[in-house]
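Here's a quick walk through one model, from a helix to its sheets and aromatic rings. Have the structure open as you read.

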Amino acid sequence: MAATAGGEPGEPSPEEFVYSEEDFVLQAAGWGDPGSAPSRFDRVLLAGWSDRMERGLFRYRLGALPTRVLPGAVRLVAQLNEQRSAERRPPQPVRSLRDPFDPAAFNFTRLRPAELLFRLRRAGGPEPLLVAINASPLERGHVLLLPEPARRLPQALTAPALRGALEAALLSAHPGFRVGFNGLGGGASVNHLHLHGLYLDRPLPLEEAPAEPLGPRLALLRAGPAPAFLFFAAGPTALEPVSRAVCRAAEHLGAAGLACNVLATRGDPPAGPGGGRGLRVLLWARRPLFGPKAGEPFAVALCELAGLLPLPAEPLYRDITEEQALSAIRQHLLPEPELLHLGGELARLLER
C-alpha cells in the first residue's frame with residue numbers, strides 16, 4: 001500500500017502515467033474533426049473521468065449543457081450550468097494575495113482515493129502532477145492538476161507546476177484541451193496549489209488573433225473580452241523558458257497588488273496564422289477581488305476572461321447580452337494607460 005494525495009499511508013496510490021517527449025502531439029486535430037484519433041493521454045483521462053461519473057463521485061451528473069453564442073463582435077459563448085452554481089463547494093474566503101496555506105480549510109490532501117485518476121510523470125523528470133477529477137465540473141473531462149499536494153503549497157503559481165501543465169496540454173490530441181490557473185483574488189476557490197485542465201468543444205478568438213508586440217518575448221492580445229499578455233511556446237523546448245517567464249510576470253503582478261489568471265491553449269504565433277501552431281499562454285492582470293461582489297451576474301475567472309461564460313440560471317443565460325457580459329468582466333480589469341505601463345514593465349523585466 002502507498003500514499004494518498006495527502007501522503008497518508010494505507011490507501012492505494014493512483015497509477016502512474018509515464019510519458020516522454022515522443023508522446024507530445026505537436027499537431028492536434030483540427031476543429032473540423034476534434035474527436036479524431038485521441039491520444040493515449042486523452043483515452044486514459046476520459047475513461048477514468050467517465051468511470052468516476054458512473055460511480056457517482058461528482059457532486060452532480062453532468063449532461064449536455066445548453067450553449068449559445070451571444071450576438072455581437074466578441075462572440076462570447078454562454079453556457080448554462082445550474083448544478084455547478086447550486087451544488088459546488090463554497091469558495092474559501094481569501095483575504096489577501098499572499099494568504100498562507102491553511103491546513104484546517106478544505107484542501108486537496110482530503111480528496112478520496114477514488115477521485116484520483118493518475119499520477120502524471122515525465123520519464124526521468126521531477127515533480128509529477130496528480131490528476132484528479134474536479135467534483136464540480138464545467139465540462140466533460142474537467143480535471144485538477146495538483147503539483148505534489150502533500151507539500152501543502154498555497155495557490156501561487158510556480159514554474160515547475162506550469163511547465164507540467166503545459167506538457168499535459170501537449171499530450172492531448174484534442175484542439176480544445178486547455179489548462180489554466182486562477183490566482184488568489186482572481187477566482188481561486190481553494191488556497192492549495194492547483195491548475196485546471198478541461199476540454200472545450202469550440203474554438204475561441206484568442207487562439208489565432210494577432211497580438212501587438214511589447215518585446216522579444218511578450219505581446220498584448222486584445223481579442224476576446226479582456227486584453228491579455230501573450231507568451232508563445234513554438235514547441236517542447238520552449239516550455240521551460242516560457243513557464244519561467246510567465247511566473248516571473250505573475251510575481252511582478254503580485255508585488256504590484258494585482259491578481260492574475262493564466263490560460264494555455266493551442267494557437268498561432270503572436271503575429272497570427274501562418275507561422276505554425278504551438279501553445280499560446282495568456283496572462284491576465286486584474287484588480288483583486290476578495291469575496292463575492294454584490295450585484296455581479298457571474299463570477300469572473302479564467303473561463304470568463306477567455307470568452308466562455310458558465311452561467312448559473314436559465315433567465316440569465318436566456319437574456320444576457322454581450323454588452324452586459326462585457327461590463328461585468330471589464331470592471332475587474334485595468335484602465336488602458338495602466339495596462340500599457342504594466343506591459344512595458346513586464347517587457348523590460350523579461351529582457352533581463
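How many of the 13 residues of helix 3 are buried? The count is 10 of the 13, so helix 3 is largely enclosed by the rest of the structure. Buried here means under 20% relative accessible area, with exposed over 50% and partly exposed in between (1.4 Å probe, protein chains only). Before going on, note that this is a predicted model: local features need pLDDT of at least 70, side-chain atom pairs count only at pLDDT 80 or more, and totals for chains, interfaces and linings use all residues. Residues are numbered from 1 along each chain as its sequence is written, and side-chain values use heavy atoms, leaving out hydrogens and water.

**Helix 3**

Helix 3 covers residues 159-171. Helices (H or I, at least four residues) and strands (E, at least two) are DSSP runs, numbered from the N terminus. Among its buried residues are Ala161, Gly164, Glu167 and Leu171. The end C-alpha atoms of helix 3 are 18 Å apart, which agrees with the 18 Å that its 13 residues should span at 1.5 Å a residue; the expected span is 1.5 Å times one less than the number of residues.

**The sheets**

Now for the strands, which pair if DSSP finds at least two bridges between them. Ala264 stands opposite Val281 in strand 13.

Another open sheet has 3 strands in the order 2-3-14, and here too the pairing is mixed. Strand 2 (67-69) and strand 14 (308-311) are the edges. Strand 3 (residues 77-80) runs parallel to strand 14, with 4 bridges between them; Val77 has Leu308 as its bridge partner in strand 14.

**Aromatic rings**

Rings of Phe, Tyr and Trp (its six-membered ring) pair if their centres lie within 6.5 Å; planes under 30 degrees apart count as stacked, over 60 as edge-to-face and the rest as tilted. By this rule there are 8 aromatic pairs.

| Pair | Centre distance | Plane angle | Type |
|---|---|---|---|
| Phe17 and Phe41 | 6.0 Å | 85 degrees | edge-to-face |
| Phe17 and Phe118 | 5.5 Å | 35 degrees | tilted |

Phe17 lies in strand 1 (residues 16-19) and Phe41 in helix 1 (residues 40-54), so that pair ties together parts 24 residues apart in sequence. With Phe118 in strand 4 (residues 116-122), the other pair ties together parts that are 101 residues apart in sequence. Phe17 counts as buried at 5% relative accessibility, and Phe118 is buried with a relative accessible area of 2%. Ring pairs link Phe17, Phe41, Phe118, Phe177 and Tyr199 into a cluster.
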